[in-house]
Amino acid sequence: MDSLIEIFHIDIKLLIAQAVNFTIVFLVLYFLVFKPLSKIMADRSEKISKSLDDAKKIEEKLVLIEDEHKQSLIDARKEVELILTKANNQAEESRQVMLAKTREEIGQIINVEKAKMQTEKAQTLKEIKNEIADLIMITVEKVLEKKINSKEDKELIKKIIRDSKK
Amino acid sequence: MTSAEQSTSETALNTEIQHEHTLYAEPIFTIGNFSVTNSLLNTLLVIFIVVAFGIFLKSKIKMIPGKLQNGIEMVIELLLDVFNSVTGSREKTLKFFPIILSFFVFILLNNWLGLLPGVGSIGQVVLEHNEKIFVPFFRSGMADLNTTLALALIGVVVSHIFGVLTIGFWKYLNKFINIKALLDIPKNIIKDPSILIINPIKVFVGLLEIIGELAKVASLTFRLFGNIFAGEVLVASMTAILAFGLPVPFMFLEILVGLIQAFIFAMLILTYLTMMTSAEEH
């Protein structure tokens, strides 16, 4: 053992010095390299896995939203169709109603006109009759002026005219 | 090695300068009664590099890594995978990783710094026993038994500390001085008489383990020292034969050896740590 120490110059002070040197290297590597690096590496992997999870969630949400979007589009279309048919129906209905009303009105107007015409016709006929009677009387008077002058004749004529008027 | 004109031109007189490759690191100067050797200087240089790099890297560490951080993270991940195959669990690997990484970096830098031009070739000439001896200012840190012994002791002692902390003192003690096996003999002798033969063997194996621990230290120390010292001698010899071109392939070889030895040392410490922190299973 002594010869070993002699040959290799083993010196406890140097031994301790080298041990201290190694310890310094260890501490430096541990605190300046290993600790911060491993921390940041762990943080990063955590962050990456979290982002991947988030991305997955976002994708799922996107699909959900797309579905919703499609659904709402379909709904809207359906609603539009419904409204359109409703409007059409309403329009048709109101048209029918208007038509019926118009028809009725027209009928009423026609009736009124008819009645008016009837009365007018009757009036005209009456007037014509009066006029004709007057004419006939005048004519007959003129024709018979000379011949018939008597009171009975006059009465007779008047009676004839009255009959004819009826 | 090559000449040392820088410091020795005026002392190159009658006797020839001895370029001797000593087995030990030579002292350059002394502080009090503490002699600073050339390998210690080299180690201080390693510390300086590591500290400078550490401070630089610390300021560069960001959530979104740059090229440097990316590279280092890649190396760390690679090493973690390799260590996982030894420890068997990520949790254990992360616990041991800082110390193993330190061994690896410390030894690797020391080995590679020993290959730089100027290390081993720039020095001073001292007069010793009427002989002029060339003493280089720098010497690879691992070509000094003090360094490797210190590292091996740290590694083995740390593995024992981790062992006590992980499996408890009683189990740890029974690995070496198997009191439990002795106590089991009267308990189980009626049920299983063969225990009378087996358990004394277990006790003896435990005692062998103590020698095993000493052997661990010795093997770690001399393997690293031997490899790096041999490399230095090899490159020096090749340089002595022909200084131009011939040492180049051997330099490449030494770069590889330096890496491999650092890796082997680190992996062996890791293995010891793993062994010590797992309970006895026979």
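This is a predicted model: local features need pLDDT of at least 70, side-chain atom pairs count only at pLDDT 80 or more; totals for chains, interfaces and linings use all residues.
Residues are numbered from 1 along each chain as its sequence is written, while chains are lettered from A and ligands numbered from 1 in the order in which they are written.

Let's start with chain A. It has 3 helices and 0 strands, where helices (H or I, at least four residues) and strands (E, at least two) are DSSP runs, numbered from the N terminus. Read from the N terminus, that gives α-α-α. The C-alpha trace of chain A spans about 205 × 20 × 15 Å along its principal axes. Its radius of gyration is 64 Å, whereas a compact globule of 166 residues would come out near 15 Å. That radius is taken over C-alpha atoms, and the globule rule is 2.2 Å times the number of residues to the power 0.38.

Chain B has 9 helices and 5 strands, and from the N terminus its elements go α-β-β-β-α-α-α-β-β-α-α-α-α-α. Chain B has a radius of gyration of 24 Å, well over the 19 Å that the globule rule gives for 282 residues, so it is more spread out than a compact globule. Its C-alpha trace covers about 85 × 55 × 40 Å along the principal axes.

Now for some helix packing inside chain B. Two packed helices are described by the angle between their axes and the distance between the axes. Here axes are lines fitted to C-alpha atoms, for helices over the stretch in contact, and angles run from 0 to 180 degrees between N-to-C directions. Helix 2 of chain B packs on helix 4 of chain B at about 120°, with the axes 10 Å apart. That makes helix 2 of chain B oblique to helix 4 of chain B (under 35 degrees is roughly parallel, over 145 roughly antiparallel, 65 to 115 roughly perpendicular, and the rest oblique). Among the residues making this contact are B:Leu45 and B:Ile49 of helix 2 of chain B and B:Phe106 and B:Leu109 of helix 4 of chain B; two residues are in contact if their C-beta atoms, placed from the backbone, lie within 7 Å. By class, the contact has 8 nonpolar, 3 polar and no charged residues. For those classes, Ala, Val, Leu, Ile, Met, Phe, Trp, Tyr, Cys and Pro count as nonpolar, Asp, Glu, Lys and Arg as charged, and the others, Gly among them, as polar.

The axes of helix 3 and helix 9 (residues 247-277) of chain B come within 9 Å and cross at roughly 40°, which makes helix 3 of chain B oblique to helix 9 of chain B. B:Phe83, B:Val86 and B:Thr87 in helix 3 of chain B meet B:Met267, B:Leu270, B:Thr271 and B:Thr274 in helix 9 of chain B.
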